[in-house]
Amino acid sequence: MLQRLRAFFAERGVLEVETPILSHAGATDPSLGSLTTLWRGSDAPGGQLLYLHTSPELLMKRLLAAGSGPIYQVCKVFRDGERGRRHHPEFSLLEWYRPGWALEALIDEVAALVRRLLERPALGVEIIRFRDLFRERLAVDPWKADASALRAAAESAGLAGCDRLELDRDGWLDLLMSRCLEPELGRGCMTFIRDYPPTQAALARVNPGPPAVALRFELYLDGMELANGFDELTDVHEQSARFEADLEARRIAGLPQPPLDAVFLSALEAGLPSSSGVALGLDRLLMCALGADQIDEVLAFPVERA
Amino acid sequence: MASYKTNEFKGGLKIMLDGDPYTIVENEFVKPGKGQAFNRVKTRNLKTGRVVERTFKSGESVEAADVHETELQYLYNDGELWHFMDPTSFEQLTADEAALGETAKWIKEQDMCSVTLYNGQPISVDPPSFVVLEITETDPGLKGDTSGGGGKPATLETGAVVNVPLFVQTGEMIKVDTRTGSYVSRAKDE
């Protein structure tokens, strides 16, 4: 799979890069936990706290800002607390960036890569807007419904045991997506969901609309999320505001407050070319290739035995 | 009060929900590409045996149930309660009909039972997987039938009724699998 992957990008003139796994800055997204380690060196005799990256995104964007052109990377990333049928605390990620590309072109390229890696040249594509997905399958408008309307949608969809859940709007959207909608996506073709609510923009640019939509997509195959892509946010003020909002949300939730990547912010200030970028989980793609039901089936040594 | 976070969830963990002790049967971690993670959990009520599904936000805490399992020796039934003894401390405990359930029809004095204690009190009692019991009543079988093809009901000394081969007679000791309620074999010695 990796040979075909490298050939694919070589043909298209995308440069393979490597960025550090260890960073002084940690992920700010409140739903991501970073693993940490201590580095002892002459500058840090007592040990400097370093974060294992949850994705190579910020450092790859620093390369883009420095004029790298299109780049890709295959690396292990690390997420604390994630373990399940489709989750493992370390996993293999393919991440790539296309300066000057719009989201549509990147969606096409993702589809072409998946066809090549799975050796399924006839695998089709459907593209559904996030709003249409919720309207058609759950009869709620994710832009307008409040938390209680979303709770009602979860109950009428037959989700058991969520009567005591206290969630905000995005929490309910996440629950509906992962429990009611995701299992039906990507059946017999690749399903791309695009144009997310602005509150779920993460690091994507928001088209002010109206209605405002985050220029973000996810790829689903065999009822499983495989990839997440953005039309990348390049506005340093907006980016700083989102980091601060993340830290505030972490503070309220009692989560650790990782240091921000100040160099990344100054790279944005100096100018990140408008780009589209995407991260794709390779272990899960291998699960699709083999028809595996559990991520452990594609790992030589799951964490419990590593 | 002790509590567990969702990342400690695994099969067999005992937690409190709505004032009742539950055991986790199955725990599934569910997370969208970006955003809130959840634990989808199947739990069994330790009092009623009913299995219910719950969804938790990952990171939530749940009160731990003071539940543990122990081996106790069954002493006697006083007509209302079943009396058990801890064979090492000689402490005696009583269990009611609700805790015994089906188990009542399999055990006799001195059997060792697996007992689930909640706040120090028995809430469920499991019999040994295999018990040897005497047949108190069964129809006489046909002479010469040793094949075991077909069968007949037999009442045992504890009141349980099991299906036995035709050649087994009243007064014999038989071995029974209490998990399925089925006859295994004649008991060799007794």
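Which residues in α2(A) meet which residues in α8(A)? The first legend answers this for the predicted model.

**View 1. Contact of helices α2 and α8 of chain A.** From α2(A), A:Leu58, A:Lys61, A:Arg62 and A:Ala65 meet A:Val263, A:Phe264, A:Ala267, A:Leu268, A:Ala270 and A:Gly271 of α8(A); contact means that C-beta atoms, placed from the backbone, lie within 7 Å. Seven nonpolar, one polar and two charged residues form this contact (nonpolar: Ala, Val, Leu, Ile, Met, Phe, Trp, Tyr, Cys and Pro; charged: Asp, Glu, Lys and Arg; polar: the others, Gly among them).

**View 2. Crossing of α2(A) and α8(A).** The axes of α2 (residues 57–65) and α8 (residues 262–271) of chain A come within 9 Å and cross at roughly 30°. Axes are lines fitted to C-alpha atoms over the stretch in contact, with angles from 0 to 180 degrees between N-to-C directions. The crossing is left-handed, that is, the near helix is turned anticlockwise from the far one by less than a right angle.

**View 3. Side of chain B that touches chain A.** Here 17 residues of chain B are in contact with 25 residues of chain A. Strands β3 (20–30) and β5 (51–57) of chain B each supply at least two residues of this side, and β5(B) gives the most, with five. Helices (H or I, at least four residues) and strands (E, at least two) are DSSP runs, numbered from the N terminus. By class, the chain B side has six nonpolar, five polar and six charged residues.

**View 4. Domains of chain B.** Chain B is divided into domain 1 (3–63), domain 2 (68–126) and domain 3 (130–186), with bounds from an automatic or database domain assignment. The centres of domain 1 and domain 3 of chain B, taken over C-alpha atoms, are 42 Å apart.

Residues are numbered from 1 along each chain as its sequence is written, and chains are lettered from A and ligands numbered from 1 in the order in which they are written. In this predicted model, local features need pLDDT of at least 70 and side-chain atom pairs count only at pLDDT 80 or more, while totals for chains, interfaces and linings use all residues.

Notes: Contact = placed C-beta atoms within 7 Å.
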